[in-house]
Amino acid sequence: MKPSSYFLLFIFLLAIAAVGFVFQARGLRPDYTFKARFLPLVVASILTVIAGASLFRELRRGKTTEQSPASETTAEAASEKLALVTGAWLVGYMVLAFLIGFLLSTLIWITAYLRTHNYGWIRSLAISLGMMIFLYVVFDLVFGITLYQGVLPIPIYSFLP
Amino acid sequence: MDVWQGLIHGFLPLLNPFNLLLLIPLMIWGMIVGFVPGIGIMVAWVLLMPFLAQMKVETALVCLIGCGGGAGFAGAICAILIGIPGEDTNVATIPDGYPMTKKGQAGRAIGAMCTGSIAAGLFSTLMAILLIPVVMWIVKFCGIPEQCAMILVGVSFVGVIGGRSPAKGLMCGLLGFLLGFVGYQENSGVARYIFGDAFLYGGVSVLTVIMGLWAVPAVIDLIKTGGIIQAGYDIPRGKVLWQQMLEGGKDVLRHWAVWLRSVIIGFIIGVIPALGANTAIWMAYGQAAKTSKHPELFGTGMVEGVIAPESARSAVWAGAALTTLSFGIPGSAGMVIILAAFIMLGITPGPTMLFEHTDLCFLLYWTHIATMTVGLIMCLLAMRLMMRIVSLKVDYLFPIIGILVTVGAWAYSQNMQELVVLLVLGTMGYLMRKFGYPAAATLLGFVLCKIFERTFYVSLDTFGPVFLLRPIVLVLLALVVYVIFSGPLTVGMRKLLRRA
């Protein structure tokens, strides 16, 4: 199955899930009024039909299409691997921020990212410190939003004005 | 508030020193991002959203429009000097703009682009301002049922946003609707699709949707592109540059007919929902080539080939803004972002906006005029600096943008669960971009969902199902049917005729 077919399948299943959920909710919650369920049912049903038809057409078309040359497939795989690694970096930042807060995680994450891409310590630390200060000034001082400080107890945050 | 009061009150926020102080750095921000290929004005706006949410409405609108003011010029300068468009609406400038740079006429191309753009922007903005009273008169005949039908028209146009595949556009629009159903339903108070999580009771935030569908895929694509953007040919300096730019300005006067046709094309295309600037720039380029004495020379460095698309691109904004403000139907993908920003700021665009927020409508246009003028001057003065920006490595851009996206999404609700939603939507946004599904359609569906549901049930409660038989509603519903089914029907008829 072509990769784009998987995405279509995802939309198709999501739409079915949306329909199913509304039906189930109706059973579990008798006060799930007409107004609450009508439009989600209509929209999800239409989406199911369109997604199903598109999926069917794409699967049928996929059987008659020629395979791409090996070099194209390799390049695409490398590109997707890079996308996955980039996504992993972003997730890593979010997890780090959850644990130790945005400011410290910014300092550590940017430094780690630039160091793994062969930049020097001074440049990496300068950029990460600059970004950290930018976040603090803009969010804490200008907008008055105290940036999230993480679930782990970090004494450094108590020294911030 | 009447039109004259709105016209005057709409200008006043521009005289506020605080708004002016914010305007300049935001225009610089728009210019920088607009000049970096592959990022563009959409991401500049998206990254600005978390900050806008904390501001007063007038200040937020000035910042939003100001950011876009310089970006358009910056993207065009990038297209002319480097041969890479700052964003997709600058693509039609490359065939003739870049060859002009190669011939040592970069200044002339930029002068023609700047003069044509700013004149087009001013002219089209004045046209839109003059049309606002006319539109307000038309809108008086529109009640809640007509508003509901208009939203349906806007939603049906998502199929057009899908480009070659209306099915993709429709699917994305409906997906946006499903996203919009998450949270409590206004008319009944029932919470839908929250799976027992109180965080989702208020629904998915529009900011997270925008960040997830645009910013995350843009950041990932930036890394996939990698390296640095190439430098172009050397541009003239000092007196030579200014002389060339003056010559380019005179070219617009010489080719005033091309300019005027391009402005009209851009304005009309902008008014029609979902067609967008891409349609306008190529139509304008095509008419310039067709009406030229030397059409065979287009693509080799003809100055009309720069004037036409850039004038059309500049005129699209005013037309698209008119449709967005008047009917709540975005005229382009960029207007979808502006629509989302309105909703985030607590303003519901649509027919009532013209009457309840007349001053804000005019503020948008006044700000557009002001920022275009100032942005133009800033771009011209900072051209060499902007050339350096494109030599920035993506390894610097990625962490900065990635952090801004993450913190920005969190700042809206100050809840870490927002990041989980961001991840889910970011993954979806990346896959949508990869497989050619239009994110603008999803955002449009999401933004219009709650408004549509509210007007639908109010119409049903007030008039009963008979509201569907009101004359204007019937006309609009017929338009919806035509928009959705005309494409497949045309294709089907052609197949039948071929077989016959």
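Mentor: Chain B of this predicted model contains 22 helices and two strands. Buried residues account for 58% of its 500 residues. Of the contacts in chain B that join residues at least 6 apart in sequence, 78% link residues at least 24 apart.

Trainee: Why is α5(A) called roughly parallel to α19(B)?

Mentor: Helix α5 of chain A, residues 121-142, packs against helix α19 of chain B, residues 394-413, at an angle of about 25°, and their axes are 11 Å apart. Angles under 35 degrees count as roughly parallel, so that α5(A) is roughly parallel to α19(B). The crossing of the two helices, α5(A) and α19(B), is right-handed.

Trainee: Which residues make the contact between α5(A) and α19(B)?

Mentor: From α5(A) come A:I127, A:M131, A:L135 and A:F139, and from α19(B) come B:Y396, B:I400, B:I403, B:V407 and B:A411.

Trainee: How do you know to which class the residues in the contact of α5(A) with α19(B) belong?

Mentor: Ala, Val, Leu, Ile, Met, Phe and Tyr are among the residue types that count as nonpolar. The contact of α5(A) with α19(B) accordingly has nine nonpolar residues, no polar and no charged ones.

Trainee: What makes up the side of chain A that touches chain B?

Mentor: In total, 42 residues of chain A are in contact with 37 residues of chain B. Helices α1 (3-28), α2 (34-64), α3 (70-100), α4 (102-116) and α5 of chain A each supply at least two residues of that side of chain A. By class, the residues of this side are 33 nonpolar, eight polar and one charged.

Trainee: Why is B:Y193 called partly exposed?

Mentor: B:Y193 has 19 other C-beta atoms within 10 Å. A buried residue needs 20 or more and an exposed one 12 or fewer, so B:Y193, with 19, is partly exposed. B:Y193 lies in the loop between β2 (191-192) and α10 (206-225) of chain B.

Trainee: How do you know whether B:Q414 is buried or exposed?

Mentor: Around B:Q414 there are 11 other C-beta atoms within 10 Å. The limit for an exposed residue is 12 or fewer, and therefore B:Q414 is exposed. B:Q414 is found in the loop between α19 and α20 (417-434) of chain B.

Trainee: What is the phi of B:Y193, and what is that of B:Q414?

Mentor: Most residues other than glycine have a negative phi. Phi of B:Y193 is near 55°, a positive value, and phi of B:Q414 is likewise positive, near 55°.

Definitions and conventions. Residues are numbered from 1 along each chain as its sequence is written. Chains are lettered from A and ligands numbered from 1 in the order in which they are written. This is a predicted model: local features need pLDDT of at least 70, side-chain atom pairs count only at pLDDT 80 or more; totals for chains, interfaces and linings use all residues. Axes are lines fitted to C-alpha atoms, for helices over the stretch in contact, and angles run from 0 to 180 degrees between N-to-C directions. Helices (H or I, at least four residues) and strands (E, at least two) are DSSP runs, numbered from the N terminus. Angles under 35 degrees count as roughly parallel, over 145 as roughly antiparallel, 65 to 115 as roughly perpendicular and the rest as oblique. A crossing is left-handed if the near helix is turned anticlockwise from the far one by less than a right angle, and right-handed if clockwise. Two residues are in contact if their C-beta atoms, placed from the backbone, lie within 7 Å.
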